[in-house]
Amino acid sequence: MKKVSFAAILITTGLFVLLSCGPKESTDLILTSFIPQPVSVEATGHAFKLNSSVTVYYEENVDGLEQTARYLAAELSRITGENFNVESANVTPRSGIFLSVTTDDNDLGMEGYFLSIGKKLVGIKAKSTAGCFYAAKTFLQTLPVKVAAGETLTIPTGTIRDFPEYGYRGAMLDVSRHFFGVEDVKRFIDFLATYKMNVLHLHLSDDQGWRIEIKSWPKLTEIGGSTEVGGGEGGFYTQEQYAEIVKYAQERHITIVPEIDMPGHTNAALASYAELNCDGKARELYTGTEVGFSTLCTDKEITYQFVDDVVREIAALTPGPWFHIGGDESHVTEHDDYVYFINRAQEIVTKHGKKVIGWDEIANAELVEGATVQFWADVENTTIGISKGAKVIMSPAARAYLDMKYDSTTHLGLHWAGYIEVDHGYSWDPATLNPAIQRENILGVEAPLWTETITNMDELEYMVFPRLPGYAEIGWTSAKLRNWGDYKLRLASHGKRFEDMEIDFYRSELVPWFE
């Protein structure tokens, strides 16, 4: 048996090709291009043969485990074109793939796993069904994205022990500037799941559009949802469609964090209901991209009834623990009015059983217990939040914003925070980016995609890939196991995966993509 640290390996391009471009035989598990990089990988030098005779077993009487087993079987079917049986078992089978839950290894945490690939049996063990799901995702990376039907795949044997660095590993999708329908959001969720990300933050309201049905305030979607940047027709999710998105994400162990931005970024709401304006006059719909000009009227009680109704209805549809109140760029709200509003909005969120997240500006208010500030621009705001007991989500615009251009020639995106080539997006450590923000303060990492310039799925994919896997690895893999020289070679092998998934990705010249 041989054991090698990934951080010490410089893998040659030719060896990557063996596992990346088709079902070629290899018996060295260490050469597999895993993203995110696991904690440890041991190769045993043999091979597991995968064909339709393999059964996917799951441990009996473990809630949710059958769903993960069926998900894995469906993915294997998608890759091979063959059907795989799924069965329960109360003892470890002699052959096949077996998912089970164990309490033996406390160091794994609730999302870690142990994956053992033997000549006859693939064993997946974790303390939770989420851990089993992530192990299944790792196992799938030992396979090509698709092969000819009936072809037996050879998978190198060995063991992987793995667990994440951060508990919050997310991305944000702005569906307000440009609207993206249910199927597009599901595809985005699948992108996150592929790389073990576990949070999707949905930016559901802004000046340009209100995107979720609120039954007690129906004009929000009737009027506020009727347009988008550039004057398109916009759109919105019915509550049933939003619940469908939430369920789809849950099945992939992804938590939806809904955001209703307030008191600024609210023109769509102000156009829908005149009474939310201090002068009682409805605003005109807005289709531009400027920010900071709108505000709810903070000294009218109807405003807080509005916030209460919105939070109540969305919270009831969202099983996750968080509700994002925005709070950014409220430039025309007086400071004292802003603080008063954020304080009351937080109380409403906690009343409806959710924990508060807000952009780093909310730190200027009195933060409730369990609040989280999302660092995007202002370190001083963030450190104020830390001093008040808040945790931090790291989303530094100059490193993590997916809407920033790759370079000056990129035809999409913005560059107010700078250019973010693939290496720049990958080569940073949340725990050392700023000395004022320590590891113990950090809840996790999130890569936001704002959509001022993003109008369709092809454009979304171009801005998201190939940067998204890097943010997933930052969230999952310890900084001491990460380096750009190794990562760019692993990423290069995923280019073929992107192609087979029909992802329209940016071919950075910094990555030695395989043809």
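At what angle do helix α4 (residues 182-194) and helix α6 (residues 239-250) pack, and how far apart are their axes? In this predicted model, the two helices meet at an angle of about 15°, and their axes are 10 Å apart. Two packed helices are described by the angle between their axes together with the distance between those axes. Since angles under 35 degrees count as roughly parallel, α4 and α6 are therefore roughly parallel to each other.

The buried residues of α2 are L65, T68, A69, Y71, L72, A73, E75, L76, S77, I79 and T80. Just after α2, the backbone at G81 takes a positive phi of about 80°.

The aromatic side chains were examined next. The structure holds 28 aromatic pairs. One of these is formed by Y168 and W322, whose arrangement is edge-to-face, with 5.2 Å from centre to centre and 65° between the planes. This pair links distant parts of the chain, as Y168 belongs to strand β9 (residues 168-174) and W322 to strand β14 (residues 322-324), the two residues being 154 residues apart. Both Y168 and W322 are buried. An edge-to-face arrangement is also found for F498 and F505, whose ring centres are 5.1 Å apart and whose planes make an angle of 70°. With residues under 20% relative accessible area taken as buried, F498 counts as buried because its relative accessibility is 0%, and F505 counts as buried because its relative accessibility is 8%.

Ring pairs also join residues into a group, in that Y71, Y113, F133, Y134 and W476 are linked into a cluster.

Finally, arginine side chains are placed over aromatic rings at two positions described here. R252 lies over the face of Y248, at 3.6 Å from the ring centre, while R344 lies over the face of Y304, at 3.9 Å from the ring centre.

Definitions and conventions: Residues numbered from 1 in each chain as written. Heavy atoms only, no water. Phe/Tyr/Trp six-rings, centres within 6.5 Å; stacked < 30°, edge-to-face > 60°. Helix = DSSP H or I, 4+ residues; strand = E, 2+ residues; numbered from the N terminus. Buried < 20%, exposed > 50% of the residue type's maximum accessible area, 1.4 Å probe, protein only. Lys NZ or Arg CZ within 6 Å of the ring centre and 35° of its normal. Axes fitted to C-alpha atoms, helices over the stretch in contact; angles between N-to-C directions. Parallel < 35°, antiparallel > 145°, perpendicular 65-115°, else oblique.
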